[in-house]
Amino acid sequence: MAEPITLTIDDRQVTVPAGTLLVDAAAAVQIEIPIFCSHPKLDPVGCCRMCMVEVETPRGPRLMTACTTPVAQGMVVHTNTESVRSVQEANLAFILANHPLDCPICDKGGECPLQDQTLRFGPGVSHLVEPKRLAKKHYLISETIVLDQERCILCWRCIRYLEEWEDKPQLGLFQRGNDTVIDTFPGQPVDAKTSGNIIDICPVGALTSRVARFDFRPWQVTRTPSICVHCSVGCNLRLDSRTHTLRRIVGRENMAVNDQWICDKGRFAYAWVNSPERLRYPLLRRDGRLVPVQWREALEYVAERLHTLREEHGPDAIGFIGSAKLSNEAAYTLQRFARQMIGTNNVDHRDGGDVAAWPVGIPALAHLMKPQYGPDPQVDTVFLLGVDPSEELPILDLHLKRSVRRAGMRLVLAHPRRIELTRYRGPYLGYRPGTEVALLNGLVKAVLESDAELPGEARERAEELAQWVAPVDDALLQELCGVDPDTVREAGHLLARSRQALIVYGPLAARGPQGPAVRQALVNLAAVTGHFERLAYVGLEANSQGVRDVGLLPHRLPGHLPLDQTDGVRRLEELWGAAIPTAPGLTYSQMLAAAGDTLKALYIVGADPASERPAWAENLEKLDLLVVHELVETATVERAHVVFPALGWAEHDGTFTNLEGRVQRAPKAVTNPHTRAAPDWMILDHLASHMDVDWPYADVRAITGEIAQVVPSYRGLTWDALGDQGVQGDVDAARPRPKLAPATQPPLDPEPGHPLVLVTGTVLYDGGNLVGRTPQMRAVAFPTGAGLHPEDAATLDVAPGDRVRVVSPHGSLELPVHVDDRVRPGTVWIPEGLADAPVGALLDGIYPVPVRVEPGKSGE
Amino acid sequence: MAIKDYLKDAIEIGKAMGVTLKHLAQPPVTVEYPFEPVPVYPRFRGRHELRRYDNGLERCIGCMLCEAACPTGAIYVEAAENDPEDPVSPGERYAKVYEINLLRCIFCGDCEAACPTEAIVLGHDFAMANYHRRDFILTKEELLNPPEPNVIIRPE
């Protein structure tokens, strides 16, 4: 580290690290230098000329731009001399010469740096008599962002953001001189997943949100610090509300999570909060119709029915399904209700017990972040298996891109689809779905065969390891996995040589019966490369980590406690005052498959399995009792006997745990006066009291306290201690010890007549029930269709747009084709959650899913 | 009491009656209020009106500055975007909702001063009594004056 530098700014001594820019040095001693183009998170460019300061040089005082000049030893700077002031006034006069004074109708008015600085540093009178420049106003550069070229002051912040962070230069400067404008490239709208951030950093009202357009004035709104619930990164947000409605969402800085950036889904997809279609009253099915009833009546009915069914069919005939979108408190009370009140371990959520997850997530997002300010990223290699951050975790994608480009981080990508991150150099392993274990064993073998020194236990058991992975030779990798053996070797060497590598896998790779083998193969890989502390499973929903931690799983109690660990179970039984069943319960897919058969009643909180798989929808109709907590009407609600209206994340307090184990608060921001809805935990609490058990929860914070008591990694966390930035739980406490064991590739059973393999996955802009309520998001939603590689499309003789029938042994689905060379040859790509295309129709718990493609009935 | 005193009193009464009789011939100074209009000063601040331009477009652009200026929080505005084919006001923005709560209003005129388009003005109507509280909340339809402007812009 270079020597700190001391300089004088306005007769005050300042000592800052070498390389600091003058504008930051001045800010360190609270001396304000006006800026427009300079931004702490963007590279300096010095194009607005607003930050001129006077620096004493041997040739006399010289004016320099503070945002591009690094400090130097003994520098003497003046920020408030007559020449500086005259330059500032003249500069503002030039900027305002063409800036339309339509502040009253501008959404930036009230929080506009140009307004503020004109007031502080401006000339006060205008000498302009000529007409102003005219350019495009109200011009859509994407479905969600409106550009007003007249208001633009050409600071390039938006251009630089898209280049430096998104690595998608989709905006540029056109024309020259007085005619210069910012514009998109012809025919190519801005479609970067985090493009909305350019609205936040625009220093004028040139870029405004189309979704929140004219909905708010900055001085009216109540600002609540909260977090995003669309994915497991847990970006920090600010919710701006007025008159009981959510008016706008902007990013909030948290240097440990999202820097200050958020993705467009988090920013724009909030219309469901204010939706008039929200459920308002408890509904009870009478004569085949759901009719509104009083809370008491609905609760009494459910309590009585649950009691009767439990008496008649036993506790294991009742199942509980939660959702990874629930807060920790809701998930905890749900599993407590199932285990204490009913006495069953039939409690799970989607991608819960069906996925062989690793109990801990990424050790720290900060290890991947901020190569340009603060310490360099500690992670130098990231291995992603079955995770597509660009579609699933956009802000993680942003961090990875930044680290790859700024800090030379290497990516090793293993995904059955050529995901967007493959545009960066780094081995890409496009394996055939279902061959994950073989691929991972191949990687282990490559590490063992490299000259890298093996760590600890792996060194002692190197021979044993080599034996386990011996069958994976080049031919197998080529034939079975469909990957290039040299690429596997390159990837293995990269991981072995890496100082700190992060090994991340997602639900796509570890679902179904082969999940445990994949997890074991990953443990082996992490152990031989020495990166065991950085093996991470990332769920995709907002609280995927948290609901696992609080025990919304059929085989684990809160704190990942196994059901057979008697000491821990006894402590929990004392706390709850009830016996806990010891047999593992049914998983999510098992419960839904058994619904109407051995399972007589289902209690579903915030999940919609009926729209996921047609077979499940039929099963739900056969149930004796279906209770649903929901925000809006869904396919599951239509089949329910009792519906409890629930509150959304913005309407009540809750905590969420992100993919790095950071527990963050989402406090109540708005009150919906039109609904009688209640928080999930409160509904369960009342239901318990209708079943003659009083839970000790006065408010949600009491539940947070109880979670902190029973989950070891959350020890000591309280609502107040979480603050605005959240607190990372003790991740090390939750990490199991490494256990090396052989991982065997299960045989692939090719189904005759089904030559292709189905690849599912998540896309950011799906046709989700909540996201789709924002009309602008509907316009950018991923088009419903089956993705085929051009080769396969040619073989099958289908053209883009043709309707085809995708048939698996379990069902079929008719949808249009889109041809995409990012789809692996031999696979059909159908993302989950597309409008009118429940890919679940093709699934039946078997992985991989063999399919064939037939011509559809065209024209219907 | 002498006769002189009676005479003196009679003269006094006569004088007084003279004044009375003199005013009998003059026009009255009082106004038959509900049946006759009451003259108000040009700068009198009464019930609010929202003005239009000569072409019928509303002057109000929904900027909510009146709401911000209002010391009693009597104004509530919701803005929306104009349909370019069928605009409500010139420009991109108009007031979708514009409400004034007369029970809160103190007729200070700050909204007038804040308005960048001289859309909201305090008119000369002062008879605002009503039977229901809810009727004291004036909606945009009640506030918008007829297409031909009838409000005098104050000299200041």
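A: What follows starts at the interface, moves into the sheet behind it, and then turns to the other chain.

The model is predicted. Take the contact itself. Chain B brings 15 residues to it, and chain A brings 16. Together the two chains bury about 1300 Å². Carbon and sulfur atoms account for 51% of that area. On the chain B side, Glu81(B), Glu92(B) and Arg93(B) lose the most area to chain A. Those residues together make up 46% of what that side buries.

Now the charges. The interface of chain B and chain A holds 6 salt bridges. One of them joins Glu67(B) to Arg242(A). Their closest N and O atoms are 3.0 Å apart. Side chains of opposite charge can pair when their charged atoms come close.

Strand 2 of chain B gives the most, with 6 residues. By residue class, the side of chain B that touches chain A has 10 nonpolar and 5 charged residues, with no polar ones.

Follow strand 2 of chain B into its sheet. The sheet is open, with 3 strands in the order 2-3-5 (chain B) and antiparallel pairing. Strand 2 and strand 5 (137–138) of chain B are the edge strands, and each has a single partner strand, so one side of each lacks a neighbour in the sheet. Strand 2 of chain B is joined to strand 3 (residues 93–101) of chain B by 7 bridges. Within that pairing, Glu78(B) has Val97(B) as its bridge partner. In a regular strand the side chains alternate between the two faces of the sheet.

Chain A has sheets of its own. Strand 3 (residues 52–57) of chain A runs antiparallel to strand 4 (residues 60–65) of chain A, over 6 bridges. A hairpin through 2 residues connects strand 3 and strand 4 of chain A. Strand 3 of chain A also pairs with strand 5 (residues 76–78) of chain A, again antiparallel, over 2 bridges. Glu54(A) takes part in both pairings: Leu63(A) stands opposite it in strand 4 of chain A, and His78(A) stands opposite it in strand 5 of chain A.

Another open sheet of chain A has 3 strands, in the order 28-29-30, with antiparallel pairing. Strand 28 (654–657) and strand 30 (727–728) of chain A form its edges, each with a single partner strand, so one side of each is left without a neighbour in the sheet. Strand 28 of chain A meets strand 29 (residues 662–666) of chain A over 4 bridges. There, Phe656(A) has Gln664(A) as its bridge partner. Helix 8 (residues 328–342) of chain A packs on this sheet and touches strand 28 and strand 29 of chain A. The helix direction makes about 95° with that of strand 28 of chain A.

Last, the salt bridges beyond the interface. Over all chains the structure holds 55. One of them pairs Arg286(A) with Glu297(A), at 2.1 Å from N to O. Arg286(A) lies in strand 14 (residues 283–286) of chain A, and Glu297(A) lies in helix 7 (residues 295–313) of chain A.

Definitions and conventions: Residues numbered from 1 in each chain as written. Chains lettered and ligands numbered in written order. Predicted model: local features only at pLDDT ≥ 70, side-chain atom pairs only at ≥ 80, totals over all residues. Heavy atoms only, no water. Pairing = 2+ DSSP bridges. Contact = heavy atoms within 4.5 Å. Axes fitted to C-alpha atoms, helices over the stretch in contact; angles between N-to-C directions. Buried area = accessible area lost by both parts, 1.4 Å probe. Salt bridge = Lys/Arg side-chain N within 4 Å of Asp/Glu carboxyl O. Nonpolar A, V, L, I, M, F, W, Y, C, P; charged D, E, K, R; others polar.
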